[in-house]
Amino acid sequence: MMTIKTSNLGFPRLGRKREWKKTIENYWSNKITADELNQQLSDLHKENLLLQKNYNLDSIPVGDFSLYDHILDTSLLFNIIPERFQGREVNNDLLFDIARGNKEHVASALIKWFNTNYHYIVPEWDNAEPKLNHNVLLERFNYARSLNVNAHPVIVGPITFVQLSKGGNQTFEEKVETLLPLYKEVLQSLVDAGAEYIQIDEPVLVTDTSEDFEDITRHAYDYFAQADLGKKLVIQTYFERVNLKFLNSLPVKGFGLDFVHDNGYNLSQIEAGALSKDKTLYAGIIDGRNVWAADIEAKQSLIEKLQNYTSELVIQPSSSLLHVPVSLDDETLDESIAEGLSFATEKLDELDALRRLFNEDDSSKFNDLKARYARFQNQSFKNLEYDFDSVRSSRKSPFAERRKEQDAQLNLPDLPTTTIGSFPQSQEVRKQRAAWKNNRITDAEYNEFLESEIARWIKIQEDIGLDVLVHGEFERNDMVEFFGEKLQGFLVTKFGWVQSYGSRAVKPPIIYGDVKWNEPLTVKETLYAQGLTDKPVKGMLTGPVTILNWSFERVDLPREEVQNQIALAINEEVLALEDAGIKIIQVDEPALREGLPLRSEYHADYLNKAVHSFKLATSSVADATQIHTHMCYSQFGQIIHAIYDLDADVISIETSRSHGDLIQDFEDITYDLGIGLGVYDIHSPRIPTEEEITTAIDRALQQIDRSLFWVNPDCGLKTRKEDEVREALTVLVNSVDKLRKTKSATV
């Protein structure tokens with residue numbers, strides 16, 4: 001009988017209690033030295049490796065651990081360094097400056113990793129001189145071996161790396177060709193060091209554009225095979241199906257396929273004979289992107305099928321476990337729900353249970369997981385009925401008519417200024433929230449603190465001269481988790497952190513039952529802020545598509561139904577804010593583009609449902625109520641028409657981190673709704689200059705009607721320090737004041 005092996009594709013970097021994040025931020029704050037940074041992260045890497053070893057994996061990944069982002073690591077490995085940062089020593093400080101920017105230079109662009117909420121740093125080829133720098137991957141592989149860990153190296157493949165890059169005068173093929181000798185040198189060093197196989201991540205091969213890459217992909221892997229490296233290479237894909245017939249023709253050891261998010265296509269291709277028996281199949285059968293426990297019996301059945309089509313089968317998660325929290329061990333959850341959950345370590349335990357069942361005829365762990373799954377499935381969390389047709393799904397009047405009422409009511413100046421919603425979550429804010437949650441202060445004391453912080457920031461905004469204000473969201477830990485705490489049907493964890501970008505971690509809520517709004521969520525704080533100023537204060541909400549995409553969703557209902565349940569709940573809150581007298585309500589949808597399926601055949605269906613959900617959430621208000629939405633850090637060109645179809649009165653959208661590239665998307669559409677283009681990058685500590693902001697506005701106004709144009713930062717300001725926020729917003733307002741005066745002088 002075939003021996004089943006187990007492997008992993010990647011492990012969360014954060015640590016069980018965000019030790020990774022805290023270490024890196026301590027270094028940024030000069031609380032620890034470079035040597036202390038390296039030592040503490042080395043200790044955490046060791047802990048991750050040994051933790052995975054405890055689950056009897058046959059092979060454990062190295063190369064997944066990073067100081068910021070694995071794509072940025074690859075850029076530095078091959079010296080693909082932005083022109084403005086060239087000439088410096090390649091070290092951790094350079095890595096952090098490229099990722100975050102510094103006083104002299106803006107950071108590199110930040111883009112979503114395929115259809116996930118993880119962000120990568122975009123490689124820049126302008127005047128780059130590719131060469132091999134310090135081989136960190138070899139160093140980490142040797143370190144794992146020194147711990148007696150049977151490790152396999154992980155590296156982003158040349159096709160995916162170049163496709164995710166930007167800039168330079170070379171063609172796609174020329175860039176790949178330039179990198180191949182460098183890849184060969186790295187791969188050869190790993191083979192010489194004893195690597196049994198090397199995982200080369202090529203997720204771009206699951207996208208619509210994969211056929212465009214077939215010739216250069218074949219050339220690249222033929223090149224490696226000619227160097228006698230092909231027999232050590234495993235091409236790893238995830239998030240969707242692949243063209244297995246093409247993949248099977250490549251001269252490599254085997255392939256990693258996703259059997260969870262492929263809509264059944266990968267299995268059907270295998271059953272149709274697309275996989276040669278001499279290829280090793282690395283089968284992603286455990287969901288690497290969601291936290292629900294596996295139907296262990298169904299996985300047993302899948303393995304039994306796959307055994308018939310390969311001579312060597314390795315079972316593993318469907319993707320890197322970067323996208324889920326580390327462990328349930330520290331959680332105190334209702335057992336009836338906890339039995340249905342599986343974080344990173346529990347997923348490795350599921351693999352071990354299957355390995356024991358097939359290889360050792362040991363069914364004890366398998367039977368335990370089977371029983372837990374059955375008990376959870378017998379729970380009933382689905383008792384509500386919804387009348388989706390009773391709620392408006394379009395505004396009462398077209399935008400041109402609504403705009404007249406809104407302009408008369410708001411009386412805003414030319415180029416109105418605002419922010420996206422959040423202000424710094426300072427150490428004192430976090431301290432007070434923790435004290436309240438742990439019952440060290442009373443509700444009254446906590447409310448008093450929140451009101452004092454809201455009042456302080458209302459005054460700051462008025463002093464700076466912003467036109468539309470926000471209350472600052474000091475009561476909120478996260479823009480999705482906050483709603484997960486308030487809405488029925490959601491579960492919020494204590495340590496369920498997931499990396500979003502760099503050291504930024506989010507704690508996605510878990511949707512386990514039907515969603516319902518029971519009482520106002522945001523009215524009290526928003527109304528208090530509005531009572532402190534004559535300027536309009538925006539109500540701040542998160543939209544249904546983003547709440548769903550940034551939560552761990554249910555898998556027992558169609559996404560559309562869960563999304564619309566959330567939409568009805570947000571609609572209730574929108575109406576509650578309007579009833580309280582709030583005249584501008586922002587319903588953010590930064591994850592709308594992120595959820596776009598990787599295959600275009602699914603795009604229209606996804607976008608139609610997303611637009612419908614947003615309209616369910618926002619269309620019941622009066623014409624005079626101005627609806628805003630916000631999106632950031634993604635490639636919006638594909639969905640620009642869907643953004644228009646949302647029919648929001650104003651959309652604020654990022655442009656500075658993408659270095660203005662987004663503005664080009666508006667050349668293909670007459671966008672006659674209100675729009676605010678972000679004019680400075682809030683994820684960098686650097687303060688923009690007036691010249692930079694003025695240039696950004698002038699460029700945007702070449703494509704957008706000035707009367708519809710708003711000015712704002714790229715995104716919320718919760719991660720920034722107070723002095724950075726004050727200084728940057730002052731520059732923004734001063735820049736707009738000068739543009740207003742220039743216009744007045746020419747009229």
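Colleague: Which strands each supply at least two residues of the lining of the largest cavity?

Modeller: Rolling a probe the size of a water molecule over the atoms shows where empty space is left. In this predicted model, the strands that each supply at least two residues of the lining of the largest cavity are β12 (498–501), β13 (504–506) and β15. Of these elements, β15 gives the most to that lining, with three residues.

Colleague: How many cavities of 30 Å³ or more does a search of the whole structure find, and how much space lies in the largest cavity?

Modeller: The search of the whole structure finds nine cavities of 30 Å³ or more, and the largest cavity holds about 430 Å³ of space. The largest cavity is lined by 30 residues, among which Met-479, Arg-504, Cys-715, Gly-716 and Lys-718 are the closest to its centre.

Colleague: Staying with β15, how should I read the directions in which its residues point?

Modeller: In a regular strand the side chains alternate between the two faces of the sheet. In β15, Lys-538, Met-540 and Thr-542 point one way, while Gly-539 and Leu-541 point the other way, and all are buried. Strand β15 spans residues 538–542 and is described as mostly covered, with five of its five residues buried.

Colleague: Which strand is joined to β15 by bridges, and what is the bridge partner of Gly-539?

Modeller: Strand β16 (residues 584–588) runs parallel to β15, and five bridges join the two. Within β16, Ile-585 is the bridge partner of Gly-539.

Colleague: Turning to charged side chains, how many salt bridges does a search of the whole structure find?

Modeller: Side chains of opposite charge can pair when their charged atoms come close. A search of the whole structure finds 42 salt bridges, and one of them joins the side chains of Lys-437 and Glu-485, with 3.1 Å from N to O. Because Lys-437 lies in helix α16 (residues 427–437) and Glu-485 in helix α18 (residues 481–486), this pair ties together parts that are 48 residues apart in sequence. Lys-437 counts as partly exposed at 41% relative accessibility, and Glu-485 likewise counts as partly exposed, at 36%.

Colleague: Where do Asp-605 and Lys-609 lie?

Modeller: An α-helix has 3.6 residues a turn, so residues three or four places apart point the same way. Asp-605 and Lys-609 both lie in helix α22 (residues 603–618), four residues apart, about one turn of the helix, and their side chains meet in a salt bridge of 3.0 Å from N to O. Asp-605 is partly exposed, with a relative accessible area of 42%, and Lys-609 is partly exposed too, with 28%. Elsewhere, salt bridges that share partners join Asp-349, Asp-352, Arg-355, Arg-356, Glu-360, Asp-362 and Lys-365 into one network.

Colleague: Is Phe-255 buried or exposed?

Modeller: Phe-255 counts as buried, at 0% relative accessibility, and its place is in strand β8 (residues 254–258). Beyond residues up to four places away in sequence, Phe-255 touches a set of residues including Val-234, Ile-235, Leu-247, Leu-275 and Tyr-282.

Technical notes. Residues are numbered from 1 along each chain as its sequence is written. This is a predicted model: local features need pLDDT of at least 70, side-chain atom pairs count only at pLDDT 80 or more; totals for chains, interfaces and linings use all residues. Side-chain values use heavy atoms; hydrogens and water are left out. A salt bridge is a side-chain nitrogen of Lys or Arg within 4 Å of a carboxyl oxygen of Asp or Glu. Buried means under 20% relative accessible area, exposed over 50%, partly exposed in between (1.4 Å probe, protein chains only). Contact means heavy atoms within 4.5 Å. Two strands pair if DSSP finds at least two bridges between them. On a 1 Å grid over the protein atoms alone, a cavity is a set of points where a 1.4 Å probe fits but cannot get out, and a pocket is an open set with protein on both sides within 12 Å along at least five of seven lines; lining residues have an atom within 4 Å of a point. Grid points are joined across faces, edges and corners, and a volume is the space filled by probe spheres set on the points.
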